[in-house]
Structures are given as structure tokens and as C-alpha cells.
Amino acid sequence: SALLDLQSGNIALIGLNEATANYVAARDEKIIVGKNGGDDLKTNFSMMTLDTNKEVYDILNNAIKEMKTDGTLESLIENELKAYITSDPVAKDLPHFDGARTIKIGVTGDLPPMDFVAANGKAAGFNIALLTEIANRAQVNFELVQIETGARPIALSSNKVDAVFWTRNTTCTVCNSTAAENVNGTLVTESYFTDNSVFFHRKR
């Protein structure tokens with residue numbers, strides 16, 4: 001909807017993380033990506049659960065910490081994320097372990113190439129590569145549930161999902177009016193990816 005408003009002239013620019021901005025620009029030659037007012041703003045990508053779901057939080061957070069320590073995350077960012085900016089992610093099946101616990105993850109498709117849903121309705125992109133690695137490490141199954149971005153806290157509180165992907169600006173207090181800290185009763189994992197915050201607009 002934001003892209004439609006930009007194309008129609010209802011808004012002048014969109015603030016976003018750099019990977020997603022570059023993903024959009026790679027598919028629209030009229031898009032120009034620029035720094036966010038010259039400020040060194042960063043966006044952290046994490047996962048969020050309810051504080052009553054500490055076991056799920058520990059599974060996700062421990063795997064992310066391990067991946068940061070052993071270099072797996074850095075490799076995924078270099079070999080998966082950056083490739084998806086110019087070539088659409090391909091949907092892949094997540095691992096399945098008979099008899100293992102199933103954790104429901106909310107996906108929105110609103111932040112490609114991280115959170116991406118293909119035309120056939122299947123989730124793809126960097127977050128699926130991340131979940132694949134977590135599943136293999138923790139020997140758990142992930143069930144993907146498509147939800148609206150603004151409905152993520154409600155999806156958690158209603159037990160529609162066990163965890164969601166979450167972003168927040170790390171250097172802008174005003175930007176964090178909807179940060180996870182202001183959603184009651186939540187736990188946020190360590191960041192699995194930090195990106196520059198930028199803006200983009202259409203050529204005039």
C-alpha cells in the first residue's frame with residue numbers, strides 16, 4: 001500500500017531498511033534510494049515471543065546466538081540475503097522432524113527479501129533460510145502462518161502464532177514508539193541482522 005501511495009503521489013518518500021529499499025529499486029528504475037537525512041540510523045531484525053512462551057524464546061535466541069558465534073549468520077547474509085536483492089527468493093520447504101515440537105511463526109511478506117511471500121503464497125527469502133538453520137540446530141518444526149504486519153501483537157496474544165519477526169530502529173528514540181518494549185509482555189531475541197535505515201522516492 002505504501003508503494004501504491006508513492007506511485008500515486010500521495011506520499012513523497014518511504015523510510016525503510018536498505019536491503020528492502022534496494023530490492024524495490026532493483027525492480028523499478030524510477031526508484032531512487034538515499035540516506036535517511038544523513039543520520040546513521042540502524043534497523044535491527046529480531047524475533048519476538050510472549051514472555052509466557054519462554055521456551056520458544058530460548059529455542060530461537062540460543063540458536064541465533066550460536067549462529068552469530070560460529071559465523072553461520074554472516075555466511076547466510078553474504079550468500080543468501082544479498083543474492084535475493086536482485087533475484088527473487090525461491091520458496092523452499094522447511095525441514096521436518098517426526099515427533100518434534102511444532103512452533104508457529106507469523107510471516108507478513110512485507111519486507112522482502114527478508115520477509116517474503118511468493119506469488120504462489122509460499123514464504124521464501126532470508127527469514128526462511130534463517131528458520132531452516134534454527135530448525136536443524138534445535139530439531140523443531142516450524143509452521144508458517146501469514147498475518148498482517150499490524151496484527152503481529154494480536155496474533156501473539158491470541159496464540160495464533162508462537163513468534164513473529166520484529167524490527168526496530170536502534171538509534172532513534174522517536175522512531176521506537178511502536179517498538180517491542182511498548183508491546184506488553186514480550187521477549188525479543190538478539191538481532192540476527194542489522195541494516196542501515198534509508199529512504200527512497202520516485203524520480204520526478
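## Contacts, salt bridges and aromatic pairs in a predicted model

Y192 touches F45, S46, M47, I64, L73, I77, F126, N127, L130 and F165, leaving aside residues up to four places away in sequence, where contact means heavy atoms within 4.5 Å. This is a predicted model, in which local features need pLDDT of at least 70 and side-chain atom pairs count only at pLDDT 80 or more, while totals for chains, interfaces and linings use all residues. Residues are numbered from 1 along each chain as its sequence is written, and side-chain values use heavy atoms, with hydrogens and water left out. The structure holds 10 salt bridges and six aromatic pairs.

- Y192 lies in the loop between β9 and β10; helices (H or I, at least four residues) and strands (E, at least two) are DSSP runs, numbered from the N terminus.
- Y192 is buried, because its relative accessible area is 3%, and here buried means under 20% relative accessible area, exposed over 50% and partly exposed in between, with a 1.4 Å probe and protein chains only.
- Between Y192 and T49 there are 143 residues of separation in sequence, and their C-alpha atoms are 15 Å apart in space.

**Aromatic pairs**

- Rings of Phe, Tyr and Trp (its six-membered ring) pair if their centres lie within 6.5 Å, and planes under 30 degrees apart count as stacked, over 60 as edge-to-face and the rest as tilted.
- Of the six aromatic pairs in the structure, one is formed by Y23 and F116, whose ring centres are 6.2 Å apart and whose planes stand at 65°, so this pair is edge-to-face.
- Y23 belongs to helix α2 and F116 to strand β5 (residues 116-117), so the pair ties together parts that are 93 residues apart in sequence.
- Y23 is buried, with a relative accessible area of 8%, and F116 likewise counts as buried, at 11% relative accessibility.
- The rings of F165 and Y192 are also edge-to-face, because their centres are 6.2 Å apart and their planes lie at 75°.
- This pair links distant parts of the chain, with F165 in strand β8 (residues 163-169) and Y192 in the loop between β9 and β10, 27 residues apart.

**Salt bridges**

- A salt bridge is a side-chain nitrogen of Lys or Arg within 4 Å of a carboxyl oxygen of Asp or Glu.
- D28 forms a salt bridge with R202, and their closest N and O atoms are 2.8 Å apart.
- This pair joins distant parts of the chain, 174 residues apart, with D28 in the loop between α2 (18-25) and β2 (31-35) and R202 in strand β10 (residues 193-202).
- E55 forms a salt bridge with R101, with 3.0 Å between the closest N and O atoms.
- Here too distant parts of the chain are linked, since E55 is in helix α3 (residues 54-70) and R101 in the loop between α4 (72-86) and β4 (102-107), 46 residues apart.
- R101 counts as partly exposed, at 34% relative accessibility.
- K68 and E190 meet through their side chains in a salt bridge of 3.2 Å, N to O.
- K68 lies in helix α3 and E190 in the loop between β9 (186-188) and β10, so this pair ties together parts that are 122 residues apart in sequence.
- K68 is partly exposed, with a relative accessible area of 41%, and E190 counts as partly exposed at 32% relative accessibility.
- A network of salt bridges links E66, D70, E133 and R137.

**Packing of α3 and α4**

- The axes of α3 and α4 come within 5 Å and cross at roughly 80°, where axes are lines fitted to C-alpha atoms, for helices over the stretch in contact, and angles run from 0 to 180 degrees between N-to-C directions.
- That makes α3 roughly perpendicular to α4, given that angles under 35 degrees count as roughly parallel, over 145 as roughly antiparallel, 65 to 115 as roughly perpendicular and the rest as oblique.
- I64, M67, K68 and D70 in α3 meet T72, L73 and L76 in α4.

**An exposed loop residue**

- D98 is found in the loop between α4 and β4 and counts as exposed, at 72% relative accessibility.
- D98 and F45 are 53 residues apart in sequence and 30 Å apart in space, C-alpha to C-alpha.
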